[in-house]
Amino acid sequence: MSSHWLRFQDMRFPLRLGETLLGRSPYCSIVVNDGLVSRQHAAIRVTRDGMQIEDLGSRNGTFVNHRRISGTHVLSPGDRIDIGGHPMEIELEFRDDRPHRETLAVTGEYQPPPPDLDDTLDTLTEPGPIPVLSKTARR
């Protein structure tokens, strides 16, 4: 699984599916408190197909990799965004959030099924050593 991030002033902001507004307004997702930044300066949109940024008619413009954009522009990891003289960088991070499962080797030998859970609980309530299940008994 991959995650997109926006790095701004030593902070990282997650870019989730949908729209992230950048601007001076407190209603924006990422607030850039500067007079050179419009109230709603730009929007970053993340879809399953990729990312794009759109300048929302700002007075001072939106720049991607030092080039002023108009309308929408496709973003890639490593792109540098600049609004009002404030540099930001798009980061892409890959991580595996799926649960890990142990894989057991399958052999041609018969293995008896694991003990019934009720039997195991009865065993645990009796005094004596605690039974340990082997890896082959786990499911």
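Predicted model: local features only at pLDDT ≥ 70, side-chain atom pairs only at ≥ 80, totals over all residues.
The largest nonpolar core in this structure has 20 residues, and Leu6, Ile44 and Ile81 have the most contacts inside it. By a nonpolar core I mean a set of buried Ala, Val, Leu, Ile, Met, Phe, Trp, Tyr and Cys residues joined through side-chain atoms within 4.5 Å. Buried means under 20% relative accessible area, exposed means over 50%, and partly exposed lies in between, with a 1.4 Å probe and protein chains only. At least two residues of this core come from each of strand 1 (2–8), strand 2 (11–15), strand 5, strand 6, strand 10 (80–83) and strand 11 (86–94). Strand 5 gives the largest share, three residues.

Residues are numbered from 1 along each chain as its sequence is written, and side-chain values use heavy atoms, with hydrogens and water left out.

I turn to the chain as a whole. In sequence order the pattern is β-β-β-β-β-β-β-β-β-β-β-α. Of the 139 residues in the protein chain, 29% are buried.

In what order do the strands of the open sheet lie? The order of its five strands is 4-3-5-6-9, and the pairing is mixed. Strand 4 (30–31) and strand 9 are the edge strands, each pairing on one side only. Two strands count as paired if DSSP finds at least two bridges between them. Strand 3 (residues 18–23) runs parallel to strand 4, joined by two bridges, and Gly23 stands opposite Val31 there.

Strand 5 (residues 42–47) pairs with strand 6 in the antiparallel sense over six bridges. A hairpin of two residues connects strand 5 to strand 6, and Val46 has Met51 of strand 6 as its bridge partner. On its other pairing, strand 6 is joined to strand 9 (residues 72–75) by four antiparallel bridges, with Ile53 opposite His73.

Which residues form the covered face of strand 6? In strand 6 (residues 50–55), Met51, Ile53 and Asp55 form the covered face, whereas Gly50, Gln52 and Glu54 form the uncovered one. In a regular strand the side chains alternate between the two faces of the sheet.

Beyond residues up to four places away in sequence, Ile44 touches several others, including Leu6, Leu15, Gly18, Ile53, Leu75, Ile81 and Ile90; contact here means heavy atoms within 4.5 Å.

Gly18 belongs to strand 3. Is Gly18 buried or partly exposed? Gly18 is partly exposed, at a relative accessible area of 32%. Setting aside neighbours within four places in sequence, Gly18 contacts Ile44, Arg45 and Val46. Gly18 and Arg48 lie 30 residues apart in sequence, with their C-alpha atoms 9.6 Å apart in space.

Finally, the aromatic residues. Arg12 lies over the face of Trp5, 4.3 Å from the ring centre; the criterion is that NZ of Lys or CZ of Arg is within 6 Å of the ring centre and within 35 degrees of the ring normal.
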